[in-house]
Amino acid sequence: MPAELPPISYASVIVGFLGFAFTFFTFIRVFWESMMTMWNAPKELRQLLDNLRTELFGERAYFKNAIKQARSKSRKSTRDPPDIMPLSILSDSIKNMLSDFRTLEAPFLHNDEHTDDLDIEKSGKVSLRGDYGRMDIRRRLRWLHTKDDFMDIQNKVTRMQARRIAYETSDTLS
């Protein structure tokens, strides 16, 4: 005759099964999201990287022009303008983000080649579309691992644009 299990054993078994089910379905969800990221990699990569490239080059061009204008205003006046310091800090931040972007983007480019900023500025040609290679399994796995880094740069650029707009607004109001 089998012994009766106390009610606490039943509760323990139920909690154990619920914990296993929760862990199993979490694993399935993460696995499914990873597979969908790899499946959609070609489209996501081109869209995100082209948009990010456009925003970074646009911000860089804006800060170059803004610093030039602030310096030309400072030549007219005798004192050093306080406008240049925040602009140059933001400009340096954009340059660092562009450098990070280029480093992350390099493995996805066709033949892993990319041009330097100096070459682009000398030639005057800025391509806002990347020449990305074919998305084989190696590049898809790399995309799976680096997508969050690109999204982090995207968030930084968005915050930088908000700071720039706040700076422009406060400059216009004063």
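**A first walk through the model**

Modeller: I'll start with E59, which is buried, with a relative accessible area of 4%. Buried means under 20% relative accessible area, exposed over 50%, and partly exposed in between, with a 1.4 Å probe and protein chains only.

Biologist: Before going on, where do the coordinates and numbering come from?
Modeller: This is a predicted model, in which local features need pLDDT of at least 70, side-chain atom pairs count only at pLDDT 80 or more, and totals for chains, interfaces and linings use all residues. Residues are numbered from 1 along each chain as its sequence is written, and side-chain values use heavy atoms, with hydrogens and water left out.

Biologist: Back to E59. Which residue forms a salt bridge with E59?
Modeller: R164 does, and the closest N and O atoms are 2.9 Å apart. A salt bridge here is a side-chain nitrogen of Lys or Arg within 4 Å of a carboxyl oxygen of Asp or Glu. R164 is in helix α5 and E59 in helix α2, so the pair ties together parts that are 105 residues apart in sequence.

Biologist: Is R164 buried or exposed?
Modeller: R164 counts as buried, at 15% relative accessibility. R164 also lies over the face of Y62, 4.7 Å from the ring centre. For that, NZ of Lys or CZ of Arg must be within 6 Å of the ring centre and within 35 degrees of the ring normal.

Biologist: How many salt bridges are there in the structure?
Modeller: Five. One of them joins E33 and R29, with the closest N and O atoms 3.2 Å apart. These two are four residues apart in helix α1, about one helical turn. E33 is partly exposed at 40%, while R29 counts as exposed at 54%.

Biologist: What about D152, which residue does it pair with?
Modeller: D152 forms a salt bridge with K156, with the closest N and O atoms 3.6 Å apart. They are four residues apart in helix α5, so about one helical turn separates them. D152 is partly exposed at 36%, and K156 is partly exposed at 31%.

Biologist: Let's zoom out. How many helices and strands does the protein have?
Modeller: Five helices and zero strands, so the pattern along the sequence is α-α-α-α-α. Helices (H or I, at least four residues) and strands (E, at least two) are DSSP runs, numbered from the N terminus.

Biologist: And what share of the residues counts as buried?
Modeller: Of the 174 residues, 28%. The protein exposes about 12,400 Å², and carbon and sulfur atoms supply 60% of that. The areas come from the Shrake-Rupley method with a 1.4 Å probe, and for residues only the protein chains shown count as cover.

Biologist: Which residues have the most contacts inside the largest nonpolar core?
Modeller: L49, F101, W143 and F150, in a core of 29 residues. The elements giving two or more residues to this core are α2 (41-76), α3 and α5 (137-173). The largest share, 11 residues, comes from α2. A nonpolar core is a set of buried Ala, Val, Leu, Ile, Met, Phe, Trp, Tyr and Cys residues joined through side-chain atoms within 4.5 Å.

Biologist: What does F101 touch?
Modeller: Not counting residues up to four places away in sequence, F101 touches L49, L52, R53, L56, F150 and I153. Contact means heavy atoms within 4.5 Å.

Biologist: I also clicked on E105. Where is it, and what is it in contact with?
Modeller: E105 is in helix α3 (residues 84-105). E105 counts as buried, at 1% relative accessibility. Leaving aside neighbours within four places in sequence, E105 is in contact with L49, R53, Y132 and F150.

Biologist: Now the rings. How many aromatic pairs does the structure hold?
Modeller: Eight. In F20 and F24 the ring centres are 6.2 Å apart and the planes at 20°, so the pair is stacked. Rings of Phe, Tyr and Trp (its six-membered ring) pair if their centres lie within 6.5 Å; planes under 30 degrees apart count as stacked, over 60 as edge-to-face and the rest as tilted.

Biologist: Where do F20 and F24 lie?
Modeller: Both are in helix α1 (residues 7-39), four residues apart, about one turn of the helix. F20 counts as exposed at 55%, and F24 is partly exposed at 39%.

Biologist: Which residues form an aromatic cluster?
Modeller: F101, F108, W143 and F150 form one.
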